[in-house]
Amino acid sequence: MELIFYITAAITLISTIMVITRHNPVHALLYLVISLLSLSVIFFLLGAPFAALLEIIIYAGAIMVLFIFVIMLLNLGKETAIQEKEWLKPKVWIGPAVLSVILFAELFYLIGIPHQTSPVLQTVDSKVVAISLFRPYLIGVELAAMLLMAGVVGAAHIGQHKKLVFHRFLKEEEKT
Amino acid sequence: MMNTTLQYILMIVMVLFVLTTIAAWLIWLERRMLAVWQNRSGPNRAGPFGLFIVVADTIKLFFKEDWIPPFADKTIFVIAPAIVAATVLMSFVVIPFAPGILIADLDIGLLFFLAMSSLGVYSIVLGGWASNNKYSLLGALRGASQMISYEVFMGLSLMGVVMLSGSFRLSDIVLAQKDCWFIVTQPVAFVVFLIAGIAETHRLPFDIPEAESELVAGFHSEYSGMKFGMFFIGEYLGVTLISAMLVTLFFGGWLGPAFLPPLVWFILKTFVFILFFILLRASLPRPRYDQLMSYGWKILLPVALLNLLITGGIVLMMTK
Amino acid sequence: MISLLRTIRLTFLHMFRKRETIPYPEEKVSLHPRWRGRIVLTRDPDMGERCVGCYLCAAACPVDCISLQATEDENGRRYPEFFRINFSRCIFCGYCEEACPTYAIQLIPDFEMGEYNRQDLVYEKEDLLINSQGKYPGYNYYKVAGIDAGIKGKGEGDNEEPPIDIHSLLP
């Protein structure tokens, strides 16, 4: 189990680094998909199969496809790759890198502190998720639902357009 | 311990072997049945009833030139056909063929099936994009939007079944149908799942990503040889998968009168649905792309949601 | 929706209809007598060649697949020295048959001429000539023609008057 975790974690890290360093946007997105898949494997190992599969269904299966969709539509060619190459200069990434190294050091320090309670691995199945969603976090669910509803209505409104051009034989009389 | 591991591997190999063989013979079956429904006789030369046409087809596919266009994105072009076969085969992991004959009885089996079918989109999108060809790209765009949207209705229609059986585990769902198949209690969900399943496997009435009268061959225009064969096998495996899921979820899986063994019941029911898929191909014309999308979002989604609401209400009343 | 189900039902019922396909080598299609297939050269009732080598068929042929060379025997009867039809080019239009003044070239209802070697599709006179009168039995060109070519004397043909003695003054 431990070994699988370390392998998956390594895959996650490597693929995430690849996401940042790829010049071709589609390749970068594919590495992001791999990173999400390996994250879901980690969720599985931590005893949360429901979250793992939702990660695949929603993030890898739907959202990333939409990203690729958009990038395909933009039809980014070689110029973008060159542009990306120019952007990836040390001047650009040195600042964020230093900041994240500080965060990383803090994380190490926190891990290093000996824990009193040993973490017991308990499976978080769909029932537990459902109960926690609809008991303590009910208001959060309701708010999210309202937000999503607003989003759907907004999308429907933006997507709706009146048919302006009829066929010339089917043109209806202007009602005044 | 050793023995069970060996059994496990044997099971996987067996299922894999049977499935790929079935997918191959389905090519023959489809051509033959299409001919039957069009007053033709179909392939009948090679071997008895033309059965060996599959062998000839396979040999032909293997010996064709495996052409990668110079303008294609090579790695992605090669990976894409593997994804479709891999994801569909992965979905078969959770399907209970008969008591004892299944690979992994995951307690979130249904979600696993949905996840794998949602990953199947990548083969179309990447195959179409990597071909670097406008028809392929159009096919990929259509395929992506079609599959993402129909996944929604597919998942929603299944939730009624999950409510009635109270579990995501597929063997539990089958056992919950001991008294009454879910086709009786969930007819609306069945229809929605059937339509979404056809769209998900991009089978013929909804083969918009590869509409050959508009898009050459859609997302696999540039593929040849065994890479095309993978797409082909993936499609037939998808048909088998959706048929098997329909049987598992709505037609009582392996359950049936006792004069036949459970596995035979399962295979018989699946076979009927495969034939139904071929019949659909023989009879229905392809809808336009926007018709398909508006049909999905304006009819199937509200119907699935209403079904979910009513089922939830009834389940609540029954438990009270 | 109902119409879709109706379509599916109708298609399903087609399962029990008669097959339209004719499994060819086992079951042959019945060809009409006027079917235009392989080209043959026929003979007249005396088993002499009908062809007089007039080149009209070669001129009428839209794909130029006929080639021949006319010659004469000692009686003055014309016949083709060679007669060659390239069936890999022939389109079986039947123009040659219509152009032929002596009913020599005819198209018969036979189309099974597959070959593995393209050169085998070039038919020589020996391949084309058949021991039959074809569609017009009893017709003999030289019987109605005005010339003497060893078949009949001058003026002995059907519907033919004896030749006028140009040295006589009588009407």
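**Before you start**

Chains are lettered from A and ligands numbered from 1 in the order in which they are written, and residues are numbered from 1 along each chain as its sequence is written. Because the model is predicted, local features need pLDDT of at least 70 and side-chain atom pairs count only at pLDDT 80 or more, while totals for chains, interfaces and linings use all residues.

**Stop 1: chain A and its domains**

Select chain A and colour residues 2–114 and 125–159 separately: these are domain 1 and domain 2. The bounds come from an automatic or database domain assignment.

Next, highlight residues 6–21, 28–50, 56–76, 97–117 and 137–158 of chain A, which an unreviewed UniProt entry annotates as "transmembrane region". UniProt positions are given here in the numbering used for this model, feature names are shortened, and annotations may be inferred rather than shown by experiment. Residues 28–50 of chain A are 87% helix and 0% strand, with end C-alpha atoms 27 Å apart. Residues 137–158 of chain A are 95% helix and 0% strand, and there the end C-alpha atoms are 31 Å apart.

**Stop 2: a helix pair in chain A**

Stay in chain A and select helix H2 (residues 25–45) and helix H3 (residues 49–74). Helices here are DSSP runs of H or I with at least four residues, strands are runs of E with at least two, and both are numbered from the N terminus. How do the axes of H2(A) and H3(A) cross? They come within 8 Å and cross at roughly 175 degrees, which makes H2(A) roughly antiparallel to H3(A). The axes are lines fitted to C-alpha atoms, for helices over the stretch in contact, and angles run from 0 to 180 degrees between N-to-C directions. Angles under 35 degrees count as roughly parallel, over 145 as roughly antiparallel, 65 to 115 as roughly perpendicular and the rest as oblique.

To see the contact, show side chains including A:Leu29, A:Leu36 and A:Phe43 on H2(A), and A:Ile56, A:Met64 and A:Ile71 on H3(A). Contact means that the C-beta atoms of two residues, placed from the backbone, lie within 7 Å. By class, this contact of H2(A) with H3(A) has 20 nonpolar, one polar and one charged residues. Nonpolar covers Ala, Val, Leu, Ile, Met, Phe, Trp, Tyr, Cys and Pro; charged covers Asp, Glu, Lys and Arg; the others, Gly among them, count as polar.

**Stop 3: where the chains meet**

Now bring in chain B. Of the two pairs of chains that touch, A and B have the most contacts, with 17 residues from chain B and 15 residues from chain A. On the chain B side, select helix H4 (109–119), helix H5 (121–131) and helix H6 (134–165), the elements that give two or more residues. H4(B) provides the largest share, six residues. This side of chain B divides into 15 nonpolar, one polar and one charged.

**Stop 4**

Strands pair if DSSP finds at least two bridges between them.

- Seven bridges join E2(C) (residues 66–72) to E3(C) (residues 78–86); find C:Leu68 with its partner C:Phe83.
- In the hairpin of E2(C) and E3(C), with five residues between the strands, C:Gly76 has a positive phi near 90 degrees.
- Two bridges link E3(C) to E5(C) (residues 122–123); C:Ile85 stands opposite C:Tyr123, and C:Asn86 is partnered with C:Val122.

**Stop 5**

Finally, show C:Cys51, C:Cys54, C:Cys57 and C:Cys100, which the unreviewed UniProt entry annotates as "binding site". They span 50 residues in sequence, yet no two of their C-alpha atoms are more than 10.4 Å apart, so they gather at one spot. C:Cys54 sits in the loop between strand E1 (39–41) and helix H2 (56–60) of chain C.
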